[in-house]
Amino acid sequence: MLKTVLIDDELNALEALEWKLNRYIEGIEIIKCNSPIEGIDVINSERPDLVFLDIEMPEIDGFELLQKLSYKDFDLIFTTAHDEFALKAIKVSAIDYLLKPVDKDELITAIEKVRASKKDTKLEDKLDSLFSNMNLKNNDKINIAADSKIYLLDKEDVIMLKSDKSYTTIFLKDDKSILVSKTLKEVEKKFNFPQFYRVHNSYLINMNHIREYSKGMGGELIMSNGMHAGISRNKKAELLERLSLD
């Protein structure tokens with residue numbers, strides 16, 4: 001029996017994959033999970049033979065999930081809609097992937113490969129290769145999944161992040177921006193570096209890009225791209241201290 005864990009935040013995709021596995025694959029036990037955080041506990045406790053893992057998810061993405069696991073002795077198949085850059089890195093690392101929506105014949109072939117494999121290379125070694133290929137171990141880069149791509153951002157290029165309900169816009173130098181379909185609370189976990197500071201519920205700023213501080217209207221920052229960021233009352237004192245302002 002092939003114990004298999006499916007992890008995807010999209011319930012429709014999760015159920016579609018479960019149906020195809022049950023319909024076309026014999027001798028399989030399925031455990032499904034639509035939360036990547038819960039998925040970590042499920043993998044560590046269930047110790048599966050195989051994991052199907054989506055890449056772009058809220059809370060944490062698939063790459064972060066893999067880095068947090070204590071149990072890594074399983075075969076891995078990514079289910080993804082990501083672009084050629086991510087797929088090249090995955091393929092070079094000898095990890096299998098299926099593009100969404102998952103094709104029946106490709107799914108059957110992927111399972112046959114898993115059953116035929118002798119696990120000559122440990123998953124941990126494959127993941128080291130993957131993260132190296134994608135520069136995900138490079139602390140100078142911030143990886144952001146958006147627009148069916150994975151952006152690798154230099155910290156100094158990020159000016160500020162602005163919340164718009166369930167979306168976040170990342171503003172970069174040269175008047176570039178990236179729209180992420182996640183809340184600012186979810187995205188800010190990627191920006192856990194000293195120069196980034198959450199000055200307001202709607203704004204996370206790079207302090208190296210502050211051009212002016214305006215005392216009027218409760219306090220406001222003017223950034224290097226000319227944008228304005230409001231300051232929450234409970235953040236003002238700490239911000240001024242960080243900026244060494246009286």
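The structure is a predicted model, in which local features need pLDDT of at least 70 and side-chain atom pairs count only at pLDDT 80 or more, while totals for chains, interfaces and linings use all residues. Residues are numbered from 1 along each chain as its sequence is written, and side-chain values use heavy atoms, with hydrogens and water left out.

Figure 1. The structure holds one cavity of 30 Å³ or more, and the space in the largest cavity is about 100 Å³. A cavity is a set of points on a 1 Å grid over the protein atoms alone where a 1.4 Å probe fits but cannot get out, and lining residues have an atom within 4 Å of a point. Grid points are joined across faces, edges and corners, and the volume is the space filled by probe spheres set on the points. The lining consists of E59, I60, D61, E64, I144, A145, V180, K182, E186, V187, K189 and K190. Two or more of the lining residues come from each of β6 (141–146) and α7 (184–187); helices (H or I, at least four residues) and strands (E, at least two) are DSSP runs, numbered from the N terminus. The lining divides into five nonpolar, no polar and seven charged residues, where Ala, Val, Leu, Ile, Met, Phe, Trp, Tyr, Cys and Pro count as nonpolar, Asp, Glu, Lys and Arg as charged, and the others, Gly among them, as polar.

**Figure 2. The aromatic pair of Y71 and F74.** Four aromatic pairs are found in the whole structure. One of them joins Y71 and F74, whose rings are tilted, at 6.2 Å centre to centre and 35 degrees between the planes. Rings of Phe, Tyr and Trp (its six-membered ring) pair if their centres lie within 6.5 Å; planes under 30 degrees apart count as stacked, over 60 as edge-to-face and the rest as tilted. Y71 counts as buried because its relative accessibility is 12%, and F74 likewise at 4% (buried means under 20% relative accessible area, exposed over 50%, partly exposed in between, with a 1.4 Å probe and protein chains only).

**Figure 3. Backbone at K100, P101 and R47.** K100 and P101 are joined by a cis peptide bond, with omega about -10 degrees. P101 is placed in the loop between β5 (96–99) and α5 (104–116). R47, although not a glycine, has a positive phi of about 50 degrees.

Notes: 1 Å grid on protein atoms, 1.4 Å probe; cavity = no way out; pocket = protein on both sides within 12 Å on 5 of 7 lines; lining within 4 Å.
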